[in-house]
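These are notes for a student reading the model alongside its sequence. Please keep the structure open while going through the points.

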Amino acid sequence: MTTRTRRRHTSTRARRDAPRIGLALAGGGPFGGIYEVGALLALADSIRGFDPSRLDVYVGVSSGGFVAAALANGLSPSQMHRLFIARAPEAAMRPALFLQPALREYMRRASSLPRLALRACLDYARHPFERGLSASLATLARALPTGVFDQHAVEAFLARLFDAPGRSNDFRRLRARLYVVATHLDTGAAVTFGAKGHDHVPVSRAVAASSALPGLFPPVEIDGQHHVDGALNKTLNASLALDEGVALLICVNPLVPFDATRREPHVRSAVDTLHQGGLPLVLSQTLRAVVRSRMQAGMAKYAQRYPHADIVLFEPAREDADMFFANLFGYAQRERVCALAFESTRANLRERAESLAPLLSRHGLALDESRLADRGRSLHDALCDPRPLRTSARRGVRQTARDLSHTLDHLERRLALLR
């Protein structure tokens with residue numbers, strides 16, 4: 001048996017024997033992405049052998065697509081914190097990047113106004129009693145912009161980030177499987193970028209499409225078709241990872257409805273009931289309730305369809321007032337939200353330690369009991385910890401085999417492209 005044949009045999013056996021771990025990340029605006037970074041920092045800090053940037057399959061929806069794409073490119077949660085969240089000078093993604101007006105969309109719609117106004121006048125003149133003035137003027141609504149802010153700056157930033165050495169903006173050249181889900185505007189159907197037939201689209205473009213929330217951002221055109229936020233269809237789309245055969249799937253959902261009746265007495269908020277907060281709080285609670293209800297229905301189906309897979313969900317506590325009253329689309333309080341996510345995820349791990357410990361053990365992972373017992377451990381401690389992630393010997397061998405497998409697969413794809 002030649003060396004190359006032995007490597008292929010070893011690689012194939014490693015892929016078959018090694019536990020496959022996947023990650024599914026839901027959306028939730030800038031808040032959702034920031035929460036997910038904080039939660040992943042807590043998981044990496046508290047679970048020995050768990051490295052979020054070295055998993056097998058990633059699924060991202062809306063803002064979860066940002067995080068999933070970065071992880072699939074080998075960026076660690078610590079690196080994402082430095083690039084996207086920290087206020088330090090080296091932070092590359094600043095709030096202004098999301099707030100650039102969609103000038104091209106404004107100009108395109110404004111240029112259509114004279115033609116639409118003429119059409120409305122002619123329509124009214126021809127059928128003054130049948131349609132009426134208001135119905136004729138409704139034609140002018142087509143001149144309204146489809147979004148307030150421009151995604152091009154964010155997309156360009158991601159393209160530069162993923163085109164750096166050692167990374168890729170091409171789904172087909174990534175070490176791990178990456179799926180980014182958007183919604184086809186004309187049909188309402190989900191579109192999975194990264195899947196066959198949609199893997200030629202640049203990752204940065206797919207992320208822009210998946211996070212194009214209607215009203216805030218114009219639809220993103222890809223191959224002549226328009227796409228909007230992927231969360232309009234499903235919350236997690238976790239089945240994409242489960243269909244890949246993952247044995248352990250970690251899910252993170254940032255949005256849960258607030259349960260004011262379970263709020264701790266010492267916690268103060270601006271209102272006693274959500275009704276007092278007016279339309280913004282009512283809409284926020286409604287959105288969160290719809291998102292979580294839909295996700296729970298999906299999770300129940302996953303348990304039936306994939307009985308041999310372990311699925312673990314992390315999300316904020318429903319009585320967590322700090323998480324609920326944070327601005328879903330705000331970016332200014334990003335450090336505080338990230339720290340809260342870190343703390344709440346650690347608390348969740350402590351509460352579920354008895355059931356999680358044996359589950360994680362089946363996949364070569366283990367809770368770091370000493371770190372979880374340290375109630376004073378903060379996000380800053382995790383970011384500054386110089387120690388590498390600790391792994392068991394068994395997990396280390398498996399990780400090495402998986403790395404070799406991914407490297408050989410990547411080499412084979414590159415050679416195929418050169419033929």
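1. Two residues are in contact when heavy atoms lie within 4.5 Å. Helices (H or I, at least four residues) and strands (E, at least two) are DSSP runs, numbered from the N terminus. This is a predicted model, in which local features need pLDDT of at least 70 and side-chain atom pairs count only at pLDDT 80 or more, while totals for chains, interfaces and linings use all residues. Residues are numbered from 1 along each chain as its sequence is written, and side-chain values use heavy atoms, with hydrogens and water left out.

2. Begin with helix H4 (residues 77-85). Its buried residues (under 20% relative accessible area; exposed is over 50%, partly exposed in between; 1.4 Å probe, protein chains only) are Pro77, Met80, His81, Leu83, Phe84 and Ile85. They pack against H2, H3 (63-72), H8 (152-162), H13 (334-351) and H16 (379-384).

3. Strand E4 (residues 177-184) has seven of its eight residues buried, so the rest of the structure largely encloses it. Which strands pair with E4, where pairing requires that DSSP finds at least two bridges? Strand E3 (residues 57-61) runs parallel to E4, joined by five bridges, and Val57 stands opposite Arg177.

4. The other two pairings described here are antiparallel: E5 (residues 190-193) over four bridges, and E7 (residues 225-228) over two. Valine 181 faces threonine 192 in E5, and threonine 183 has valine 228 of E7 as its bridge partner. E4 and E5 make a hairpin with five residues between them, and Gly188 in the turn has a positive phi of about 80°.

5. A nonpolar core is a set of buried Ala, Val, Leu, Ile, Met, Phe, Trp, Tyr and Cys residues joined through side-chain atoms within 4.5 Å. The largest one has 77 residues, of which Leu23, Tyr58, Leu178 and Phe193 touch the most other members. Helix H2 (residues 29-46) supplies the largest share, nine residues. A second, separate core has 18 residues, including Ala238 and Val246. Nonpolar side chains tend to be buried together in soluble globular proteins.

6. Look also at Tyr58. Leaving out residues up to four places away in sequence, Tyr58 touches Leu23, Pro52, Ala68 and Leu178, among others.

7. Finally, the cysteines. A search of the whole structure finds zero disulfides, a disulfide being a pair of cysteine sulfur atoms within 2.5 Å. Cys251 counts as buried because its relative accessibility is 0%, and Cys338 is buried at 0% too.

Methods
Pairing = 2+ DSSP bridges.
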